[in-house]
Amino acid sequence: MQLATSRDFLKVALQRLDAAEHIMAKLLLNLESQYIGGYSLECSLKALILHYTAEMDQMDVLKDLTRGANNHRPEVLLNRLRQHGIMLSIELAKRMRRFDWTTDLRYETGRRDTGETKGLLRTVRAVYEWAEGQMT
Amino acid sequence: MTTATPLWEAKRTPETKMVETHLRSFFEDAAAYRYNPASIRVRIIDSRFENLSREKRDEMVECHLDQLPEETQRDIVTLFTFAPSELQQTPRTLREFLLNSEFEDPDRPML
């Protein structure tokens, strides 16, 4: 399916988040849960960027957001949001500090700490809810 | 022989130097730089982090970050905490190697 709107990105974010929580709760695969969960946060931020983008610019921004490895970095996406005047609250910024997700996780094997994984998933959900709140 | 200056050092600002000075009062080493207008990256190295979980390390650091100006706190969205042993020439884990590489080379492309 071709993503088109900010709402589509938000739906993807929720689906990845649900999957990550399920993988954690039912399969206890915390590394895989973190890997999938990280993409949810990425999609929440991308949804917000598109939401604040003028309609006439949306296609160009969409093309840009879906290309280039740098657009996996939350810091890069947060900077784009800052350009729209959107900033994290201090509480969300604190959560982000603990979010050390990168696509490099795919090179890892084994397991990760359960408490750390639950914390990461709480951050992902908090960012999803923040993005959803900004868009309603 | 001259030693090349790490890329990240060029990104230090008066604000990030203030963060370093503050954190060095509490930890063995602290480095910080501005990655972009929305993000300050902080790396802390301390032997007390040895064998501690990420959460425990963050707890040790957060109370000190809380003392910084609010605008600075809001921009610190990346925090790396390492025990000295995790940054040895042959890293013990791929994770520590990749995370430190991320701090040391801000322009490192993601694959």
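1. Helix H1 (residues 14-24) of chain B lies across E1 and E2 of chain B. H1(B) runs at about 160° to E1(B). Helices (H or I, at least four residues) and strands (E, at least two) are DSSP runs, numbered from the N terminus. Axes are lines fitted to C-alpha atoms, for helices over the stretch in contact, and angles run from 0 to 180 degrees between N-to-C directions. Two residues are in contact if their C-beta atoms, placed from the backbone, lie within 7 Å.

2. A word on the model and its labels. This is a predicted model: local features need pLDDT of at least 70, side-chain atom pairs count only at pLDDT 80 or more, and totals for chains, interfaces and linings use all residues. Residues are numbered from 1 along each chain as its sequence is written, while chains are lettered from A and ligands numbered from 1 in the order in which they are written.

3. Chain B has 4 helices and 3 strands. Their order from the N terminus is α-β-β-α-α-β-α. The radius of gyration of chain B is 14 Å, close to the 13 Å of the globule rule for 111 residues, so chain B is as compact as a globular protein of that length. That radius is taken over C-alpha atoms, and the rule is 2.2 Å times the number of residues to the power 0.38. The C-alpha atoms fill a box of roughly 35 × 35 × 30 Å along the principal axes.

4. The 3 strands of chain B form an open sheet in the order E1-E2-E3, with mixed pairing. E1 and E3 of chain B stand at the edges with a single partner strand each, so one side of each has no neighbour in the sheet. The twist averages 15° from one strand to the next. Strands pair if DSSP finds at least two bridges between them.

5. How do E1(B) and E2(B) run? They run antiparallel, joined by 7 bridges. A hairpin of 2 residues links E1(B) to E2(B). B:Asn36 has B:Ser39 as its bridge partner, and B:Tyr33 stands opposite B:Arg41.

6. E2(B) and E3(B) pair in the parallel sense, over 6 bridges. Here B:Ile44 stands opposite B:Thr81. H4(B) lies across E2 and E3 of chain B, at about 130° to E3(B).

7. In E2(B), 6 of the 7 residues are buried, so this strand is largely enclosed by the rest of the structure. For chain B as a whole, 28% of the 111 residues count as buried. Buried means that 20 or more other C-beta atoms lie within 10 Å of the residue's own; exposed means 12 or fewer, and partly exposed is in between, with C-beta atoms placed from the backbone.

8. Chain A has 6 helices and 0 strands. Its radius of gyration is 15 Å, close to the 14 Å that the globule rule gives for 136 residues, so chain A is as compact as a globular protein of that length. Buried residues make up 40% of chain A.

9. The contact between the chains takes 25 residues from chain B and 26 residues from chain A. H4(B) gives the most to the side of chain B that touches chain A, with 5 residues. That side has 12 nonpolar, 5 polar and 8 charged residues. Ala, Val, Leu, Ile, Met, Phe, Trp, Tyr, Cys and Pro count as nonpolar, Asp, Glu, Lys and Arg as charged, and the others, Gly among them, as polar.
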